[in-house]
Structure formats: C-alpha cells, structure tokens
Protein chains: 2
Amino acid sequence: MAGIEEVAQLAGVSTATVSRALSGRGHVSASSKSKVLEAAAQLGYVVSSNASSLASGRTRNIGVVIPFLNRWFFSSVLEGAQGALLRRGYDLTLYNLSGDGGERSSVFEHFLLRQRVDAVIAVSLELTEPEVTRLHELGKPLVGVGGPISGVRTLTIDDVAVARLATEHLLALGHRRIAHIGGDVENDLDFHLPTNRRHGYEYALRDAGVEVDPRQFAPADFTIRGGFHAAKQLLGVPHDRPTAIFAASDEMAIGSILAARELGLVVPRDVSIIGIDDHDLADFFGLSTVAQFPRLQGEKAVEILMEQLEPGPDAAVPAATPLPFELRVRSSTATPPA
Amino acid sequence: MAGIEEVAQLAGVSTATVSRALSGRGHVSASSKSKVLEAAAQLGYVVSSNASSLASGRTRNIGVVIPFLNRWFFSSVLEGAQGALLRRGYDLTLYNLSGDGGERSSVFEHFLLRQRVDAVIAVSLELTEPEVTRLHELGKPLVGVGGPISGVRTLTIDDVAVARLATEHLLALGHRRIAHIGGDVENDLDFHLPTNRRHGYEYALRDAGVEVDPRQFAPADFTIRGGFHAAKQLLGVPHDRPTAIFAASDEMAIGSILAARELGLVVPRDVSIIGIDDHDLADFFGLSTVAQFPRLQGEKAVEILMEQLEPGPDAAVPAATPLPFELRVRSSTATPPA
DNA sequence: CTGAAAGCGCTAACAG
DNA sequence: CTGTTAGCGCTTTCAG
C-alpha cells in the first residue's frame, strides 16, 4: 500500500498538494494536478478512508437502517440508494433491524455513534424522539423513506391519494361492492401506511356515494399468503360477494388472485383485483396496480443527503417534492359482472 | 461527543487503561475496569471507529459483495451475515454489483482498497484471479458463498447431491418421465450451479436405469415467470407429457405449478413438481423441495472470517464442513398417474 | 497556487 | 497491572 508521501515524492510536490489534487478541494494548478494523478495511478494509490476521515471529519459513508431485506419494496429502496451512493464514491453500511428493541437500541447507541457514517437513511422506521435528537446532536443529516418521522424530511408517496386512485379506477369501471384488504393496524411497524391507504379507499367510496361497509374489510400482513387468506374470506361468502378487491399491496393482490382461482372465480370476469406497488410479479400476473418507484425513492434520499453534505452551487433542497405514482391497468380489472 | 481523555479523567486512569478496558485486549484490574465502564456510560462515550481503526489497523467492518438484493437466496444470505456481524459488534458495508464491469472494477479498485473493511464476503460471484490476488496482498481474508472461487474458502451446498436427492425422490415415487428446468448456461453469472444441478439430475436418472432425454430439459432464468414459460413448453406437448418436473429453484417450481394449473393439470395428481431452496413461498404453494439454508450460510461465512480475524483459543477453522440440505416433502409430489 | 506543520482520537509498544 | 509516548495516514490552517 503506497502512501500519500510516496505519491508526493514521485510527483515532486508536497503531500498537501496531493491531498488537494485528489480530493478536489482547494486550488491546484493543472500541471501539478496531472502529475499527481499520474503518480497516484502509477503507484495504485488509494486514500486510506480512516486516516482521511479522522483528519477531515467526513467518512463518505452513509448508514441505511432498514427493517426487512427480503421484501420487494425494501430491497428496491436499498438497491436505489446503493447505486446512487456508489456513483458518488460513497459507501453504504447496512443496519438491518429485523429484531427486537435490543438490536435496535444497540444500533442507535453504538453503531451509528461510532462516527462511521456521515448521514443516515431510515427506511420505514418510526424513529423515536430521542433517536432523532441524538442524530441531530451529532450533526448527522437524516432522511426517512416510507415512514413519517416527525421533524424529519421524509420521502413517502401520498398513500391516501394512491389508494384513492386505485379505488376510483374500480368505481369508474362500475364496481360498487369493493372490498379492501389492508394492514393489520395492531401489528404494523408503521401503522400510518395501512391507515392512510384505508382512508383513501373510504374517501373514494364516499365521494362516489357508496357506503363503506366494514364487512368488506379484511386485514392481512402484506404477504401473498396473507392476501390469499383474506381474499378467501371476502370471496367465500355465499351472498353479495364483492365484485372487486383493492389490496393495499401487490403481494396481497396476487394472493387474492390465487384465492379467486381456487374458488373457481375468473379474474377479472367474476372479480376485479387491484394492488399497489408494481411489484416484480405484477406484470406476470396481469395485475392492475398503482406503481410506486422504490428504487427512485432510494436514489432521491441519497440526493437529498448529498445536498446537505456537499452543498452544490445549484443550491436549494428541492423541498417537499411529491413522489410520483402511476396507475397501471393490466388484465385483472374490468367491468363488474352483469 | 466525549473523547477518551475525558473518560480517563473521570475514571481517574490513563487513556491507555480506558482503551484496554473498553476493547478487552490487555489486562486491566477489575476495579479499574468497572470505573472505566461507569465513566464511559455516564459520558455516553463511544469510540471513534476511525481513530481506532487508524491506530490499530482493524476496522471491525466487513464488506459484502453481492449481485442481487431482490432475490430470496441473496437477501437471506445477507440477512444471516448482517445478524451475525451485528452480534459481534461489526459493521457490514454492502456492495451490490448488479451492474456491468465498470461498477465491478470500481468496487475492487477503489472501494475495497480504501482500507474500510477487514475482510470480504463474496456471494455468488466468480472473482477473477487478479481480484483474489489483490485482496490477499492486502491481507484481507476472503470467503465465498454460493459460487466456487478458485483458491478461496467457499461455502456451497453440494449441488450435485441436492439435485440428485430431489430427482431420487421423484424416482422413488415411481416417476420415469421426469423433466428438468435448469439454468440457461449461456447467461449465468455462475454457470457451475445450474450445471451441477443438471448433472445431479442426470446421475440419478442413469443410476435408476432411466435414459436421459434432452427434450425433457428446458432452460429458464430462475424466476417464477421463467419457470412458468419453461413448464408450459414441457407440459404442453400432446404426447408423452412428463409426469414430474424437477426445477432447479423453487421460484421456477412455483412457476411450473402455475403453468400446470393453467393447462388444466392438477398437481400432484397429473404432474409432480419439486424444487430446490425452501423459498418463503414454498410452504404456501405446498411445494416439495430440498431446503438449503442461506441465512445459515451467511452466518457461517461470518464465523469463518472471525476465526481468521480474531483467532480464538478453540482454534481450528472447521475445515470444509459440508453444508446441510434437507428434503421437504409437501403436497406437490405424489405417485405418477396410473 | 503551494509547502510546513499541527493535529484528528485512539492504540500499542515500552517501561515501570 | 498501569502510565507515557510515539505514531497510524491524512487534511487543513497558516504563511508565503
């Protein structure tokens, strides 16, 4: 491992100049710069991130705290963030808080405070007041994705609007008996999301003059299996079966499609089904859905942090830009049976 | 942020003693230790990882290089590794090489050389000779999971044996016309895996005196969709339809189940289907499979590295322990139709 | 634009 | 068992 000194010697300049040339901060003449670059390349020199961090106080490393790795939304956000960081020369250190409070507090009390990260991205985690405060005290920017954190810049789609759009799609097709599979409010890390989606559904119905029937709601856990069982309940009734189901996630919607099939129902002839996400499998199942773009959300989170960490000339944090979503109509929705 | 000096002062000892007490290396009297611990707790002191790393040469951080985040096997390995590291006080920095060679070389030439990691776990990546050499030169231990890297300790299930077991399960039930959905050798990052599984399948057939028929093979990309299309081909033939399908992954097996259903075939009455993995969804689909345990593989990779990084008294790297796998018979396999 | 030099906060000999 | 002290390798004032 060549050190900065060797590079300086080979380039015929001081270590200070090498540092400036390589990091881009401070002015260096073009000729010095090219000499340094060449010398560094020749020696295969790479800065020691520790020495650099210690001296500068910046780590070029971002912490991502995330509750699941094996769910589409989460892995997509992670992928987006990782890619965006890699492009900017940043590392990503991962904290997967699948577990209990013990793991969680250890991450906050130990890991994040080790000065190993410049900033934190919290995905679908409702941080507590002290957790947020602690990070702020350390001067670490924090941005949330997917769960509202009070007092913190957070990227979330407008869940109410998304759910409303999905429901309105069904209403426009002529459906009136529309069931909803949503989250189990008791058991969710982030109870806002299912609640908001349910509200969007209810607003849409009311606006259309359709009464909200609590029997047309079934809770599930956002998985295919959960959606399957919930849909079985909803579709298994002997009378007044719903003609459509709006599921709060694509996975539950896919479970619903499978449940419908098992009950001998043809989708969309006998029942229409729509979800939210535009999951990898949505296209395969011909599922109509409202797409959100989690990868983009991960990338955007990085952009926001970068503007705080390395304020550019183009200034101005793009305030609360609303996140995009988009209705994708496929073959799981149609007019209700006559 | 309190520093080590303040802790030393409060505890009435030197910084060296604080360092020793907190890191556990070197002897410290019980009384000093408890004073230090208390002082540290009181001040909310946490070591600066950079300063510590710079001085000691150890980072307590492991790099994980992985090609996918959104596939069950990969996210499970990652989860296992993350958990095991967290428990030991290590961080995990993630390098997701979904992309082309550019990204890849940048990770190897830049990121991994920044001295930010003590060791590397490479998941299903065939590292090139120079990449391995480079890491070795730096004295960074390296362990592979899931793809054979020449000259490197690698954790992989015995793919031949696993495939053989799955196939033998079908043979034992009385099947003779057994199709196989495997990898597309052209397009795989790791072509060994599909090849080995195909070999296992063929060996099992031969040992049972069944001729291998190349028309009973269909390539796919390890996804549900891919398995669906491949199975359609295999099951759609008008004559001599296979009575069983062995898919090289559960996702492809699930695709096959869906394809069979669409063709009006009842599983397992008309066709038996078995996969490999024990994917999250396997149970839901009643899929018989050979379970591998990717989480465990991630954890084990960490253990191996730890023994190199912090050689314990219990010494001895547990050499090439074979990884466990296990036949799980559910409801997708049965005797062939009469 | 460039160089000299003072640390960044901790660890690891080395003495004692 | 504990304190003293010299760095770890780089960045960044501060002069020039």
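Author: What follows starts at the DNA and then turns to the rings. Keep in mind that this is a predicted model.

Start with DNA strand C. It is surrounded by 25 residues. The closest include A:His27 and A:Ser32 from one chain, and B:Ile4, B:Ser19 and B:Tyr45 from the other. Sorted by class, this surface has 11 nonpolar, 10 polar and 4 charged residues.

Which helices supply it? In chain A, α2 (15-23) and α4 (49-56) each give at least two residues, and so do α2 (15-23) and α4 (49-56) of chain B. The largest share comes from α4(B), with 4 residues.

Now look at the DNA side. Take the atoms of DNA strand C within 4 Å of the protein: 69% of them belong to sugar or phosphate, and the rest belong to bases. Some phosphate oxygens have polar side-chain atoms beside them. For A:Thr17 the distance is 2.7 Å. For A:Ser32 it is 2.5 Å. In chain B, an N or O atom in the side chain of B:Arg58 lies 2.8 Å from a phosphate oxygen.

The UniProt record, an unreviewed entry, places "domain: HTH lacI-type" at residues 2-56 of chain A. That span is 71% helix and 0% strand. Its end C-alpha atoms lie 20 Å apart.

Next, the rings. Over all chains there are 10 aromatic pairs. Take A:Tyr201 and A:Phe246. Their ring centres are 6.3 Å apart and their planes meet at 35 degrees, so the pair is tilted. A:Tyr201 belongs to helix α9 (residues 192-207) of chain A, and A:Phe246 to strand β8 (residues 244-247) of chain A. The pair therefore ties together parts that are 45 residues apart in sequence. Both A:Tyr201 and A:Phe246 are buried.

Chain B has a pair of its own. The rings of B:Tyr201 and B:Phe246 have centres 6.3 Å apart and planes at 35 degrees, so this pair is tilted. B:Tyr201 sits in helix α9 and B:Phe246 in strand β8 of chain B, so parts 45 residues apart in sequence are tied together. B:Tyr201 is buried, with a relative accessible area of 3%. B:Phe246 is buried too, at 0%.

Rings can also gather or meet a charge. A:Phe68, A:Phe73 and A:Phe74 form one aromatic cluster. B:Arg71 lies over the face of B:Phe68, 4.0 Å from the ring centre. The charged end of B:Arg198 sits over the ring of B:Phe217, at 3.6 Å from its centre.

How values were computed. Residues numbered from 1 in each chain as written. Chains lettered and ligands numbered in written order. Predicted model: local features only at pLDDT ≥ 70, side-chain atom pairs only at ≥ 80, totals over all residues. Heavy atoms only, no water. Phe/Tyr/Trp six-rings, centres within 6.5 Å; stacked < 30°, edge-to-face > 60°. Buried < 20%, exposed > 50% of the residue type's maximum accessible area, 1.4 Å probe, protein only. Lys NZ or Arg CZ within 6 Å of the ring centre and 35° of its normal. UniProt positions renumbered as here; feature names shortened; annotations may be inferred. Near = heavy atom within 4 Å. Polar contact = N/O pair within 3.5 Å; in protein donor to acceptor, adjacent residues only side chain to side chain. Nonpolar A, V, L, I, M, F, W, Y, C, P; charged D, E, K, R; others polar.
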